[in-house]
Amino acid sequence: MKYLRGLPLLVAGLLLMSTPAFAADYNFETTAPQDYYGSTSYETVYGAQYNYGGINAVDFLDPLAEGAPVSTITSGGSLEYGIQASGGSIYPDSTGSAYTNEGKTIRIPTISFFSASNEIPNFNNPEEKILKPLYDRFELKVVTEYVEDRAARLAILKQKQTASNTQVPVSTISLAELEAMQAEVRNVLVPDSVNELMDDVLCELRGKGIHISDRKYFGYAPIAQAKAWLEGRDCVEPADLLVLSAYLWTAPEERTVISYTLERMCSDPLKNRLDSILADAIEGYGEFEGAADAPAARRIGKLRDEYLNLYEALEEMRSGAQSDREREKIDACLDNLEQYSRKAHEAINFSYAPLRELYALRAS
């Protein structure tokens with residue numbers, strides 16, 4: 001079951017335009033005799049010797065870094081940097097035709113990178129802290145727990161014992177098909193309202209002490225677009241952001257907070273906003289009651305100003321409602337706000353006027 005739940009994440013990952021990342025080799029060649037210090041793999045990887053004390057390709061592995069060259073990543077490609085032989089200027093290479101690991105270069109088109117590890121680096125350790133930018137580039141992360149169900153364990157054990165050494169794929173996707181799907185994903189619309197909701201999520205998580213890098217924030221859209229595309233839609237909806245629970249965390253213990261926040265804010269974002277407005281209305285009424293010693297006119301004047309601001313926000317939400325159901329929810333919140341306003345006026349024997357009329361007077 002856990003394997004099946006991971007399949008959508010795997011497919012979504014394949015649909016993303018991944019930017020590869022790898023640990024840089026910082027060895028360099030000096031002016032010492034060649035028989036003492038030989039050239040290292042840095043030149044093989046980046047196309048030039050390491051420019052000690054100056055600019056280097058490795059400094060611009062982050063495409064958002066200040067001064068990084070601009071490059072367009074083509075479908076199925078990767079973003080790499082090299083240094084021109086003459087002048088040492090940095091140039092971007094988005095051909096995605098080579099992958100270098102431990103000094104060995106393989107000429108293949110880069111589609112996606114996958115990695116597995118028994119442990120996560122301790123970024124509080126200075127020796128491992130340098131791995132954080134690399135780790136941050138892995139977009140979808142899944143923690144595999146021990147198989148707890150006995151029947152499932154025995155079934156997997158039996159499968160391992162009887163499986164042949166050669167595993168034949170059940171189905172395949174050609175590179176052309178994958179590129180076509182990626183093109184369709186890029187055409188999925190991300191509404192401004194979803195971007196605004198994502199910004200709210202970012203602020204909420206950072207306020208809870210969860211580190212979300214700008215790279216993560218600015219790169220969320222392709223995952224949400226892939227989720228919408230997999231469900232047959234051409235537009236991202238708030239609920240699609242729930243898939244980011246596998247994208248936003250750095251430490252495994254953050255997953256619970258992130259999942260809860262996404263569930264609360266994205267499953268029904270309208271309800272979350274209405275609950276927040278109603279909470280403000282209740283808080284304002286509580287302050288009104290608590291200021292019984294203050295002049296009545298001052299108390300009701302302060303409450304009216306607060307309620308009119310809430311009324312304005314609700315009217316803006318109502319004008320942008322996408323369905324009758326959304327309008328019904330907003331109207332219910334307006335009714336609750338109106339009831340608190342009426343109750344406050346009656347408590348000090350002031351003539352009551354509906355918020356709609358008070359708002360019209362203020363706007364005139």
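This is a chat about a few side chains and the confidence of one predicted model.

Trainee: What is the average pLDDT of the chain?
Mentor: The model is predicted, and the chain averages a pLDDT of 77. As for the residues scoring at least 70, they make up 68%.

Trainee: Where does pLDDT stay under 50?
Mentor: One stretch is residues 32-40, for which the model has seven contacts beyond four places in sequence. Another is residues 68-96, with 79 contacts of that kind in the model.

Trainee: How should I read the coordinates where pLDDT is low?
Mentor: Not in detail, where pLDDT is low.

Trainee: OK, new topic. Where does lysine 216 lie?
Mentor: Lysine 216 lies in helix α8, which covers residues 214-218.

Trainee: Is lysine 216 buried or exposed?
Mentor: Lysine 216 has a relative accessible area of 3%. Buried means under 20%, so lysine 216 is buried.

Trainee: And which residues is lysine 216 in contact with?
Mentor: Beyond its neighbours within four places in sequence, lysine 216 is in contact with Asp136, Phe138, Glu139, Lys141 and Tyr247. With phenylalanine 138, the lysine 216 side chain reaches the backbone oxygen at 3.2 Å.

Trainee: Which ring does the charged end of lysine 216 sit over?
Mentor: That's the ring of tyrosine 247, with the charged end 4.3 Å from the ring centre. Lysine 141, one of the contacts of lysine 216, has its charged end over the ring of tryptophan 249, 5.2 Å from the centre.

Trainee: Switching to rings: how many aromatic pairs are there?
Mentor: The count comes to five aromatic pairs. One of them is tyrosine 217 with phenylalanine 218, with ring centres 5.2 Å apart.

Trainee: What about tyrosine 285 and tyrosine 340?
Mentor: Their ring centres are 5.6 Å apart and the planes are at 55°, so that pair is tilted. The pair links distant parts of the chain, 55 residues apart: tyrosine 285 is in helix α11 (residues 269-290) and tyrosine 340 is in helix α13 (residues 324-347).

Trainee: How accessible are those two?
Mentor: Tyrosine 285 is buried at 6% relative accessibility, while tyrosine 340 is partly exposed at 23%.

Trainee: Which residues do ring pairs link into a cluster?
Mentor: Tyr285, Tyr340 and Phe288 form that cluster.

Definitions and conventions: Residues are numbered from 1 along each chain as its sequence is written. This is a predicted model: local features need pLDDT of at least 70, side-chain atom pairs count only at pLDDT 80 or more; totals for chains, interfaces and linings use all residues. Side-chain values use heavy atoms; hydrogens and water are left out. Helices (H or I, at least four residues) and strands (E, at least two) are DSSP runs, numbered from the N terminus. Buried means under 20% relative accessible area, exposed over 50%, partly exposed in between (1.4 Å probe, protein chains only). A polar contact is a pair of N or O atoms within 3.5 Å; within protein, one must be able to donate a hydrogen and the other to accept it, and residues adjacent in sequence count only if both atoms are side-chain atoms. Contact means heavy atoms within 4.5 Å. Rings of Phe, Tyr and Trp (its six-membered ring) pair if their centres lie within 6.5 Å; planes under 30 degrees apart count as stacked, over 60 as edge-to-face and the rest as tilted. A charge sits over a ring if NZ of Lys or CZ of Arg is within 6 Å of the ring centre and within 35 degrees of the ring normal. pLDDT is the predictor's confidence in each residue, from 0 to 100.
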